[in-house]
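This report describes the domains of one protein, the core, and the surroundings of a ligand. Please keep the sequence and the structure in view while reading.

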Amino acid sequence: MAILHAPASAPVGVPPGSTKTAAILGIASYLPDEIITNAHLEAMVETSDAWILERTGIRERRKIASGMTTSMMAAEAGRRAMAAAGVDSVDALIVATVSPDSPLPSTACLVQRRLGLAGIPAFDIAAACAGFVYGVAIGRGLIVSSGMSRVLVIAGDALTSLIDYKDRSTCVLFGDGAGAAVLGVSDDGGIEGIQWGADGGEADLIYYGPKAGEEDSENGLRMYGKGTFRLGVERMAESARAVCAEAGWSLNDVTLLVPHQANLRIIEAVAKRLDLPLDRVVINIDRYGNTSGASIPIALAEAVETGRMRQGDKVVCIAFGSGVVWGGIALRWIAPTG
Ligand SMILES: CC(C)(COP(=O)(O)OP(=O)(O)OC[C@H]1O[C@@H](n2cnc3c(N)ncnc32)[C@H](O)[C@@H]1OP(=O)(O)O)[C@@H](O)C(=O)NCCC(=O)NCCS
């Protein structure tokens, strides 16, 4: 019988009888050096450090150097993740980005060339701020059902190149960066729950184009802030509950929540809904702003580097973004930590 449609947010299945699962074997990030502070933005649009800090929690964000591209950031994050995992080859390369170097070739192929990984399949996915979760969902699927043993998943965006710096409601929010993970086969736990979904009916909430009602205005990243805020909180909290249920964890078991870094108030609202104290939530939005799909792997890499995440920890990652898209991962951390 033909399958007409899949249920919304269906979990990725591990084939019946298989003992294999996928885990993150190495994680890393790349952040450009240039820092854009709130004071810099005060000089560009009518805003203030106090407004930005109070409404978003952001103090500064990074900006890609002139001449640098998404594939360069992504390749560096990928190289570091492979070093962290102690591997020099992978079976597939996925790059999640909405700011590709150019429409073609794919950013993944450009990263592949930089990393000397010719021959393996390499492709982009466009899932905005949920790009890393989508990439991990696909990577896990490749490992558990197609016999691959290692997949490099990179999320990278240069959103500052899409911003209209005359639009104060969006230009204060976003920054550039990339994060990467090597997924590999594990017999001892790893990715224990995944949930992902999308609703194109809400496509107008966050988009790239002219300002609504001002079709002659220049293109830029546009957003209906309040609607995004409400739906983001709802979907991310639901995703956390769904992946915990799939993993057989209670929310109480969760050592660390790693939410997409969209807005400090969104993160606080999600934590409140889940009844999780903020000392169990990874927050770095103050230093990097919203780095799109890269925000989760950047936060994971930082949690490993700073010793905040330990082997055996039960980690839940959740994301929401343009599309709208959302998703979550329940992850038992098995890679070595400092
Ligand atoms: C964008 C966001 C910070 C705005 O905060 P808010 O409390 O909803 O603020 P509002 O949009 O209601 O704007 C309130 C006022 O501040 C003004 N304002 C907007 N941006 C401003 C800025 N950078 N500086 C100063 N004032 C600003 C607005 O023009 C508005 O003024 P008005 O009342 O005179 O019309 C918030 O809605 C948000 O974070 N939304 C979700 C963002 C997100 O998650 N995006 C990515 C998803 S992946």
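Into which domains is the protein divided? The protein is divided into domain 1 (21–186) and domain 2 (191–332), with bounds that come from an automatic or database domain assignment. The model is predicted: local features need pLDDT of at least 70, side-chain atom pairs count only at pLDDT 80 or more, and totals for chains, interfaces and linings use all residues. Residues are numbered from 1 along each chain as its sequence is written.

**The two domains**

The centres of domain 1 and domain 2, taken over C-alpha atoms, are separated by 15 Å. The contact takes 47 residues from domain 1 and 43 residues from domain 2; two residues are in contact if their C-beta atoms, placed from the backbone, lie within 7 Å. On the side of domain 1 that touches domain 2, the elements that give two or more residues include β1 (21–30), α5 (131–146) and β7 (176–186). Helices (H or I, at least four residues) and strands (E, at least two) are DSSP runs, numbered from the N terminus.

The table sorts residues by class.

**The core**

The largest nonpolar core has 113 residues, and Ala 81, Ala 130 and Leu 183 have the most contacts inside it. A nonpolar core is a set of buried Ala, Val, Leu, Ile, Met, Phe, Trp, Tyr and Cys residues joined through C-beta atoms within 7 Å. Helix α3 (residues 70–85) gives the most to this core, with nine residues. Leaving aside neighbours within four places in sequence, Ala 81 is in contact with residues including Ile 27, Ala 28 and Leu 152.

Ala 301 lies in helix α10 (residues 295–305). Why does Ala 301 count as buried? Ala 301 counts as buried because it has 25 C-beta neighbours inside 10 Å; the cut-off for buried is 20 or more other C-beta atoms within 10 Å, with C-beta atoms placed from the backbone. Not counting residues up to four places away in sequence, Ala 301 touches Ile 27, Ala 28, Ser 29 and Gly 179.

**The ligand**

Among the 22 residues around the ligand, Thr 47, Cys 129, Gly 225, Ala 262 and Asn 263 come nearest; a residue is near a molecule if its C-beta atom, placed from the backbone, lies within 6 Å of it. Helix α7 supplies the largest share of this shell, five residues.

Conventions. Buried ≥ 20, exposed ≤ 12 C-beta atoms within 10 Å, placed from the backbone.
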